[in-house]
Amino acid sequence: MKIKQINVTTQSIPLVKPFKTALRTVTQIESILVKVTLDNGIEGYGATVPTEAITGETKQSIIGVLQYRLIPVVIGRDIEMIAKNTKDVQTCCVGNTSAKAALDMAMHDALGKHLGIPLYQWFGGKTHDHVNDMTISVNPTEQMIRDAEIAINHGFSVLKIKVGKEAKKDIERIKRIYEAIEPNVVLRIDANQGWTAKEAVRIIRQLEQSNLPIEFIEQPVPKYDIEGLRFIRERVNIPIMADESVFSAHDALTLIRCQAVDLINIKLMKTGGLREAYTIASLAESAGIQCMIGSMMEPTLSVLAAAHLAAAHPNITRVDLDAPLWLDDSNQFPFFQGSEIHLPNSPGIGISYPS
């Protein structure tokens, strides 16, 4: 079955409240939607967002590279040649990972619909269900405490605390949030590259002395500071997770060889799609490093695609896929409800759009 046509459209989706990290503040997302149409009329969908602070891509660059570089690579090809199609998209140009992810996703969606199976089945079938977390944005401490309490009242038992803007205040923030919430809640700490290696060691050691239930510390130092990650990991007991340091399987291999991290956070917008994400998870598995799947502030479609992969790969043991819950987006309601993720059994990713 041939790829007959590929269309690119855009839409703005407002957030229900601002999303703040050490890198940026988001109040709405500019979503780019890719539709792959096969010659039998089947339509597959993928989506992406520009995240300049992380991938370097803008709305205009994503649309341009899709239209003039990526789409010409696969138009007219058989959709069942998914391995070659996705590899050629991945290797036809450098970078542009968010643009690649949208096309990769749309082709997988079309293939799943063509074969009549959900996406998780294409990747080997569901191995486990995941409990979602809720992100607590960087804000004044009192606001972060209120947000944490609201999340717990909505059934969340895992909170991802954003820090990294003010290293001296981060310890106090984390402690005060934990003091205000239930003792059985697990904390994930994400510095978003906001600390130096020495600051990270000092902060983490103080957190360890407080016996807080911290599952891991995510990306404490800038993405290029692999030596810094190793420096921290060798001096603390709380597991260290890489996020922005890992865009590709090659990046993951570098971290493995350097023994720099305990965990890896995979995101489709960084990897350029499902194919590379699966490869990273398998490579990490061979090294005994578990993975989490996360997302940027993305539309429900792309986050749901990530959830399919997370359910299927045995080495993806955690998810951080709360982005749809931040969006004023009716598509999320059947699939993302509190801390539960409900994967559809319909073919492909499970979301369709009016033609």
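Which residues does Asp 147 touch, not counting residues up to four places away in sequence? The legends below come to this in the first view. The model shown is predicted.

**View 1. Asp 147 sits in helix H5.**
Helix H5 covers residues 141–153. Asp 147 touches Lys 17, Ile 136 and Asn 139, not counting residues up to four places away in sequence. Its relative accessible area is 11%. Asp 147 counts as buried because that value is under the 20% limit. Ile 189 is 42 residues from Asp 147 in sequence. In space, the C-alpha atoms of Asp 147 and Ile 189 are 15 Å apart.

**View 2. Three strands form an open sheet in the order S1-S2-S3.**
The pairing in this sheet is antiparallel. S1 and S3 (43–48) are the edge strands, and each pairs on one side only. From one strand to the next, the twist averages 20°. S1 and S2 (residues 25–38) are joined by 13 bridges. One example is Val 8, whose bridge partner in S2 is Val 34. Helix H1 lies across S1, S2 and S3. H1 runs at about 155° to S1.

**View 3. Gln 5 has its place in strand S1.**
Is Gln 5 buried or partly exposed? Gln 5 is partly exposed, with a relative accessible area of 38%. Residues up to four places away in sequence aside, Gln 5 touches Lys 35, Val 36, Thr 37 and Ile 75. Val 74 is 69 residues from Gln 5 along the chain. The C-alpha atoms of Gln 5 and Val 74 are separated by 9.8 Å.

**View 4. Asp 78 is found in the loop between H1 and H2.**
Asp 78 is in contact with Met 1, Lys 2 and Asn 85, leaving aside its neighbours within four places in sequence. Lys 4 lies 74 residues from Asp 78 along the chain. Their C-alpha atoms are separated by 9.4 Å. Asn 85, one of the contacts of Asp 78, is buried in H2, the helix of the next view.

**View 5. Helix H2 (residues 82–91) has buried residues along its length.**
The buried residues are Ile 82, Asn 85, Thr 86, Asp 88, Val 89 and Gln 90. What covers them? The cover includes strand S1 (3–20) and helix H1 (59–74). It also includes H3 (97–115), H4 (119–122), H10 (268–271) and H11 (274–286).

**View 6. H2 packs against H3, with axes that come within 10 Å.**
The two axes cross at roughly 170°. That angle makes H2 roughly antiparallel to H3. From H2, the contact takes in Ile 82, Asn 85, Thr 86, Val 89 and Gln 90. These meet Lys 100, Leu 103, Asp 104, Met 107, His 108 and Leu 111 in H3. By class, the contact has five nonpolar, four polar and two charged residues.

**View 7. Helices H6 (residues 167–180) and H7 (residues 197–209) pack at an angle of about 20°.**
Their axes are 10 Å apart. The angle makes H6 roughly parallel to H7. H6 passes H7 in a right-handed crossing. On the H6 side, Ala 167, Ile 171 and Ile 174 make the contact. On the H7 side, the contact residues are Glu 199, Arg 202, Ile 203, Gln 206 and Leu 207. By class, five residues are nonpolar, one is polar and two are charged.

**View 8. An open sheet of eight strands has parallel pairing.**
The strand order is S4-S5-S6-S7-S8-S9-S10-S11. S4 (134–136) and S11 (316–320) are the edge strands, and each pairs on one side only. Neighbouring strands are turned by 30° against each other on average, direction ignored.

**View 9. Two bridges join strand S8 to strand S9.**
S8 covers residues 240–242 and S9 covers residues 263–266. The two strands run parallel. Ala 242 stands opposite Ile 264 in S9. Helix H11 lies across S9, S10 (290–294) and S11. H11 runs at about 175° to S9.

Technical notes: Residues numbered from 1 in each chain as written. Predicted model: local features only at pLDDT ≥ 70, side-chain atom pairs only at ≥ 80, totals over all residues. Heavy atoms only, no water. Axes fitted to C-alpha atoms, helices over the stretch in contact; angles between N-to-C directions. Helix = DSSP H or I, 4+ residues; strand = E, 2+ residues; numbered from the N terminus. Parallel < 35°, antiparallel > 145°, perpendicular 65-115°, else oblique. Left-handed = near helix turned anticlockwise from the far one by under 90°. Contact = heavy atoms within 4.5 Å. Nonpolar A, V, L, I, M, F, W, Y, C, P; charged D, E, K, R; others polar. Buried < 20%, exposed > 50% of the residue type's maximum accessible area, 1.4 Å probe, protein only. Pairing = 2+ DSSP bridges.
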